[in-house]
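Please find below a short note for a colleague who is meeting this structure for the first time. The points are numbered so that each can be checked against the model in turn.

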Amino acid sequence: MARVPRRGRSWVSETLTSVADTVARALEGVDLDAVRRQYWEQNEFVYLERWLPASLVDRMLAEVDRVRPAINRNYIPRHKKGGSVSFYTLTEQAPTIVALYRAPAFIEFLAALTGRPLQVCPPSDPHSCALYFYTEPGDHIGFHFDTSYYRGARYTVLLGLVERSSSRLVCQLFKNDPQRAPVELQLATHPGTLILFNGDKLWHSVTPLGEDEERVSLTLEYVTDPSMHPVKRLFSNLKDAFAYFGFRAVFRRPARA
Ligand SMILES: [Fe+2]
């Protein structure tokens with residue numbers, strides 16, 4: 001399996017610094033108050049169309065291609081079909097993607113929108129930062145919440161990377177609010193489009209991929225308390241092994257992050 005060429009610590013820290021700078025600059029163009037208002041008006045859901053700069057998207061797309069040999073495919077009848085690459089692989093082979101996940105200005109931005117002190121997940125969580133590959137006809141995922149197994153709340157960021165498909169991210173807002181009529185949105189996740197939501201509040205799915213189509217998105221998970229009861233850790237790992245990354249990937253020791 002191709003790995004990131006070893007160019008020493010300075011190269012890794014250069015990646016971290018350049019990604020953090022790019023994200024900080026991109027955030028300067030965001031009207032924080034307006035986005036925060038929209039986030040709360042939509043029951044803790046917001047999306048920013050083609051927000052991430054193309055230069056950063058291009059670097060991430062190169063990493064998407066690098067990790068393709070590591071895709072693990074799953075099929076759960078009537079719920080999910082598709083491929084995934086875990087945080088463990090991204091740590092070894094996708095420094096730009098991992099740097100975005102950890103960029104301090106990005107996490108501060110998300111915390112300012114949600115009003116919660118957000119943190120990255122522990123490096124032992126294979127789902128904390130992962131790629132979803134929809135590459136075969138019929139690839140999809142059924143409706144679900146992004147339930148938190150952590151002691152704290154869980155927030156999800158989805159970032160579009162490849163969008164050559166008729167698949168749509170279907171979002172049902174206000175699903176958990178008996179006072180409000182549900183609102184349904186069907187979104188294409190174009191490269192650089194960012195979606196943020198509270199995992200307990202957004203009921204969402206991805207519609208089936210058509211022939212000769214492809215869709216790749218990045219998922220980033222942030223939490224308010226990164227501790228987890230050991231039983232829930234086991235349950236979470238089993239779910240990740242069955243539904244996403246495979247047993248070998250989930251139950252091996254994570255690489256040094
Ligand atoms: Fe989800």
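1. Axes are lines fitted to C-alpha atoms over the stretch in contact, with angles running from 0 to 180 degrees between N-to-C directions, while helices (H or I, at least four residues) and strands (E, at least two) are DSSP runs numbered from the N terminus.

2. Please keep the origin of the coordinates in mind: this is a predicted model, in which local features need pLDDT of at least 70 and side-chain atom pairs count only at pLDDT 80 or more, whereas totals for chains, interfaces and linings use all residues. Residues are numbered from 1 along each chain as its sequence is written, and side-chain values use heavy atoms, with hydrogens and water left out.

3. Which residues bring helix 3 and helix 5 together? From helix 3 come Leu56, Arg59, Met60, Glu63 and Arg66, which meet Pro95, Thr96, Ile97 and Leu100 of helix 5, contact meaning heavy atoms within 4.5 Å. The residues of this contact divide into five nonpolar, one polar and three charged (Ala, Val, Leu, Ile, Met, Phe, Trp, Tyr, Cys and Pro count as nonpolar, Asp, Glu, Lys and Arg as charged, and the others, Gly among them, as polar).

4. A search of the whole structure finds zero disulfides, a disulfide being a pair of cysteine sulfur atoms within 2.5 Å. For Cys129, the closest cysteine sulfur is that of Cys121, at 9.8 Å, which is too far for a bond. Cys121 counts as buried because its relative accessibility is 4%, where buried means under 20% relative accessible area, exposed over 50% and partly exposed in between (1.4 Å probe, protein chains only); Cys129, at 0%, is likewise buried.

5. The iron ion is coordinated at 2.2 Å by His144 (NE2), Asp146 (OD) and His204 (NE2), donors being N, O and S atoms within 2.8 Å of the metal (3.2 Å for Na, K and Ca); water is not among the atoms, so the site may look incomplete. In sequence, these donor residues are spaced H-x1-D-x57-H, and both His144 and Asp146 are buried.

6. Phe145 lies in the loop between strand 6 (140-144) and strand 7 (154-164), and its relative accessibility of 27% makes it partly exposed. Leaving aside neighbours within four places in sequence, Phe145 is in contact with residues including Lys175, Trp203 and His204.
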